[in-house]
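Subject: A structure for you to look at

Hello,

Here is the structure I promised to hand over. Please open it and keep it beside you while you read.

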Amino acid sequence: MNKEAPDVLELSQGVTPLNLSTESGFYADWKQIYHVDTEQAILNPYPIDTIMPSITRLISTLCAQFRLSHTIEFSSIDTLEQFLIKVVAGGRGAPVRESYLQQMPMYAVSVVNLVSKYFDAHTKLDCNGIQRIFAKFNPAVAWSSNRTMELEFEVLKKLNHKIYHSLLLGAVERFAKDHILTIDVVGKDHFGKVGVKLLRVVYAQKHYIYKSLRSRVSSEDMFVRFKSNKLILAAAIVMAILKLCGVDQQQVVDSVAETLSNECFVEAMNIIFLRDAILNVFNC
C-alpha cells in the first residue's frame with residue numbers, strides 16, 4: 001500500500017449516482033453529537049484534507065513511539081486538524097500558514113501531550129523519544145520543553161480549551177460491537193487490528209476517497225453533507241473491514257449494510273459506494 005494516494009481515482013463505467021434523499025438527521029440520543037458535528041463541518045469553509053497524510057503519519061508515529069492508545073492517537077489527529085482549520089480560518093496569509101506547517105512536528109507533540117493528559121492526567125511523554133522524533137521528521141527544528149508548553153497554551157486558546165474526541169473511532173467501535181461482533185463472523189482481535197490500519201488510511205486519504213465519488217452526486221450541497229457525515233463514513237469503514245477480513249458471504253454483507261443504513265438514515269448503496277472508494281485507496 002502506498003502512503004500517498006494517486007492524484008485521481010478513476011471511476012468505473014456506468015456510474016450510479018448516490019441516493020442521499022433519506023439523509024436528514026439522527027434521532028437516537030447517542031447520535032446527536034454526530035448530527036452537530038455534521039452541521040459544523042458543513043459550515044466550515046476551510047478544508048485541509050490534502051495535508052492530512054503528513055499529519056496522520058506524524059501523530060501515529062508519535063503515539064506508537066510513546067505506546068499511547070488508539071483513542072489518544074485518533075483524538076490527537078482530530079484535535080490537530082481542528083487547530084489547523086482555525087489557523088486557516090484566521091486568514092493571515094500564505095506565509096503565516098506555511099510557518100505553521102513548518103512547525104508541524106512541534107504542534108503535533110504539543111497536541112499529543114495535551115490529549116494524553118486529557119485522557120490520563122498522569123501521562124508524561126519521554127523527552128528522549130521526542131528528540132528522536134524531531135530528528136527523524138525535521139532535524140532543523142529545535143525542540144525544548146518550554147517551547148512545547150508554549151504551543152500547548154496556543155493550541156488550547158485557539159480551540160477555546162476544547163479537546164476533540166475521535167467521533168469516527170467511536171462510531172466504528174459502536175457499530176462493530178452492535179452489529180459485527182454479535183454475529184460472530186470475524187474475531188474481535190483480527191477485526192480490531194485491521195480496523196486500526198484502515199482508520200489511519202481513511203484519516204490520511206479522505207480527500208482522495210471522496211474525490212472519487214464526486215461525480216456520483218448531482219448537487220454540491222448534497223456532496224458536502226455526505227462528506228461531512230462521520231456516521232456514514234464509519235459505516236463504510238466497518239463494511240471495508242469486513243471485506244479485508246475475508247467476510248464476503250453476500251447474505252452477511254447485505255444484512256450488515258442494511259442494518260448500518262438504518263443506523264445512518266441513508267440508502268445502503270451509498271455505504272457500499274463509500275466502502276469501495278475506501279478500498280480503492282487502501283489497495284493503491
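Below is what was found in it, from the whole chain down to single residues.

First, the ground rules. This is a predicted model: local features need pLDDT of at least 70, side-chain atom pairs count only at pLDDT 80 or more, and totals for chains, interfaces and linings use all residues. Residues are numbered from 1 along each chain as its sequence is written, and side-chain values use heavy atoms, with hydrogens and water left out.

The whole chain

The chain has 13 helices and zero strands. Both are DSSP runs, numbered from the N terminus: helices are H or I with at least four residues, strands are E with at least two. There are 284 residues, and 48% of them are buried. Buried means under 20% relative accessible area, exposed means over 50%, and partly exposed lies in between (1.4 Å probe, protein chains only).

Now contacts, meaning heavy atoms within 4.5 Å. Take those in the chain with a separation of 6 or more: 83% of them join residues 24 or more positions apart.

The largest pocket

A pocket is found on a 1 Å grid over the protein atoms alone, with a 1.4 Å probe; it is an open set of points with protein on both sides within 12 Å along at least five of seven lines. Lining residues have an atom within 4 Å of a point. The largest pocket holds about 1000 Å³ of space. That volume is the space filled by probe spheres set on the points, with grid points joined across faces, edges and corners.

How many residues line the largest pocket? The lining has 38 residues, and Ala 41, Asn 44, Gln 82, Ile 85 and Lys 230 lie nearest the centre. Helices that each supply at least two lining residues include H1 (32-43), H3 (70-89) and H9 (188-211). The lining has 21 nonpolar, seven polar and ten charged residues. Here Ala, Val, Leu, Ile, Met, Phe, Trp, Tyr, Cys and Pro count as nonpolar, Asp, Glu, Lys and Arg as charged, and the others, Gly among them, as polar.

Buried residues

Thr 56 sits in helix H2 (residues 52-65). Thr 56 counts as buried because its relative accessible area is 3%. Beyond neighbours within four places in sequence, Thr 56 contacts Ile 77, Arg 200, Tyr 203 and Ala 204.

Ser 110 belongs to helix H5 (residues 104-119). Its relative accessible area is 0%, so Ser 110 is buried. Not counting residues up to four places away in sequence, Ser 110 touches Thr 148, Leu 151 and Glu 152.

Phe 282 is in helix H13 (residues 268-282). With 19% relative accessible area, Phe 282 is buried too. Phe 282 and Val 201 are 81 residues apart in sequence, yet 6.6 Å apart in space, C-alpha to C-alpha.

Two loop residues

Most residues other than glycine have a negative phi. Arg 67 is not a glycine, but has a positive phi of about 55°. Arg 67 lies in the loop between H2 and H3 and is exposed, at 78% relative accessibility. Phe 265 also has a positive phi of about 55° without being a glycine. Phe 265 lies in the loop between helix H12 (250-264) and H13. Phe 265 is partly exposed, at 23%.

Best wishes
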